[in-house]
Amino acid sequence: MARLAGKIAVITGAGIGIGQAIAKRFAVEGAHVYVTDINGETAADTARAITAAGGAATPMLVDVSKGQDVTALIRAIETAHGKADILVNNAGILIRGEVRSLSDADWTKLREVNIDGVLRLSRDALSLLKKSSSASIINISSIMANRGLRPLAAYTATKGAVTALTKGLAVEYAPFNIRVNAISPGYIETAITDRLLKLPPVRKALVDKTPMGRLGLPDDITGAAMFFASDDSLYCTGSDLAVDGGMSAGL
Ligand SMILES: NC(=O)c1ccc[n+]([C@@H]2O[C@H](COP(=O)([O-])OP(=O)(O)OC[C@H]3O[C@@H](n4cnc5c(N)ncnc54)[C@H](O)[C@@H]3O)[C@@H](O)[C@H]2O)c1
């Protein structure tokens, strides 16, 4: 049964990685997916793969840190569908470095994509989400949102903001019947973690710290995304679900 039939889903940073896996899963479940990414080529490739498999997808180049890109996205969906049901704020970047040597430019970049992007999409999509009978915003945070991790204090601070924003928006948007929840992945094998996970001792240490004995794959996140996107989570807002093979339970 197509659990997302008739739903319009917007996913940011959906050209590769976790966002791509969620886009493909939502399309299989019957949603029309707006595959958005700062990289127009990967967005188009993902949308092509979805349509080739029989799904519905529209690719769009959207840099979440640019107001005009987000405005164009919202206008396009308004014109084509008049509503949106699901927004996945997935786009994120990681810049490594100790805070004491972090440049203003790096901090600004991290903040503009990881925090401002989530706030902007959640604000600007409100008019479309209000027209849904059952709307859901899903923010991709991190299990490191409330932990110290060297040399990633600035990155984890942006994820802490995403988790806080999730709770604040859950309260603010509940009267509009819009649910807002977060998914906090553990270590997932994507481009963001590629360099780190290629170091055999680091990889081994992280696997050892994961009770389930393996690192995650992008597809491991899609079940949680389906839960929050579908009516299975109708009475659920402001929650933050760790999908990490048990890592945070043992930290
Ligand atoms: N991989 C992990 O272990 C892990 C763990 C916790 C949280 N996360 C979070 O999951 C999300 C997805 O990460 P991923 O691991 O799939 O990384 P990824 O690098 O594979 O994918 C990120 C995607 O976001 C896009 N993007 C970057 N900046 C953008 C911008 N300004 N506007 C629009 N799109 C932009 C990239 O082009 C890319 O397609 C991120 O928010 C990340 O912080 C990942």
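In this tour, Ala, Val, Leu, Ile, Met, Phe, Trp, Tyr, Cys and Pro count as nonpolar, Asp, Glu, Lys and Arg as charged, and the others, Gly among them, as polar. The structure is a predicted model, in which local features need pLDDT of at least 70 and side-chain atom pairs count only at pLDDT 80 or more, while totals for chains, interfaces and linings use all residues. Residue numbers start from 1 along each chain as its sequence is written.

**The ligand shell**

The shell comprises 14 nonpolar, 13 polar and 2 charged residues. Of the 29 residues around the ligand, those that come nearest are Gly13, Gly17, Ala91, Gly92 and Thr190. Helices (H or I, at least four residues) and strands (E, at least two) are DSSP runs, numbered from the N terminus.

**The whole chain**

Now display the entire chain, which has 10 helices and 7 strands. Along the principal axes, its C-alpha atoms fill a box of roughly 50 × 40 × 35 Å. The radius of gyration is taken over C-alpha atoms, and the globule rule is 2.2 Å times the number of residues to the power 0.38. For 251 residues, a compact globule would have a value near 18 Å, and the 17 Å of the chain agrees with this.

A residue is buried if 20 or more other C-beta atoms lie within 10 Å of its own, exposed if 12 or fewer, and partly exposed in between, with C-beta atoms placed from the backbone. Buried residues account for 45% of the 251 residues in the chain. A nonpolar core is a set of buried Ala, Val, Leu, Ile, Met, Phe, Trp, Tyr and Cys residues joined through C-beta atoms within 7 Å. Select Ala9, Val10, Ile11 and Val33, which have the most contacts inside the largest nonpolar core, a set of 65 residues. Two residues are in contact if their C-beta atoms, placed from the backbone, lie within 7 Å. Beyond residues up to four places away in sequence, isoleucine 11 touches Gly19, Ile22, Ala23, Val33, Tyr34, Val35, Thr36, Val88 and Asn90.

Move to proline 151, in the loop between strand 5 and helix 6. A cis peptide bond joins arginine 150 to proline 151, with omega about -5 degrees.

Within helix 6, pick tyrosine 155, which counts as buried because it has 23 C-beta neighbours inside 10 Å. Leaving aside neighbours within four places in sequence, tyrosine 155 is in contact with Leu94, Ile95 and Leu110. The C-alpha atoms of tyrosine 155 and leucine 94 are 6.0 Å apart, although 61 residues separate them along the chain.

Continue to asparagine 177, in the loop between helix 6 and strand 6. Its phi is near 60 degrees, a positive value in a residue other than glycine. Asparagine 177 is partly exposed, with 14 other C-beta atoms within 10 Å.

**The last stop**

Finally, select aspartate 194 in helix 7. Aspartate 194 counts as exposed because it has 10 C-beta neighbours inside 10 Å.

How values were computed. Near = placed C-beta within 6 Å.
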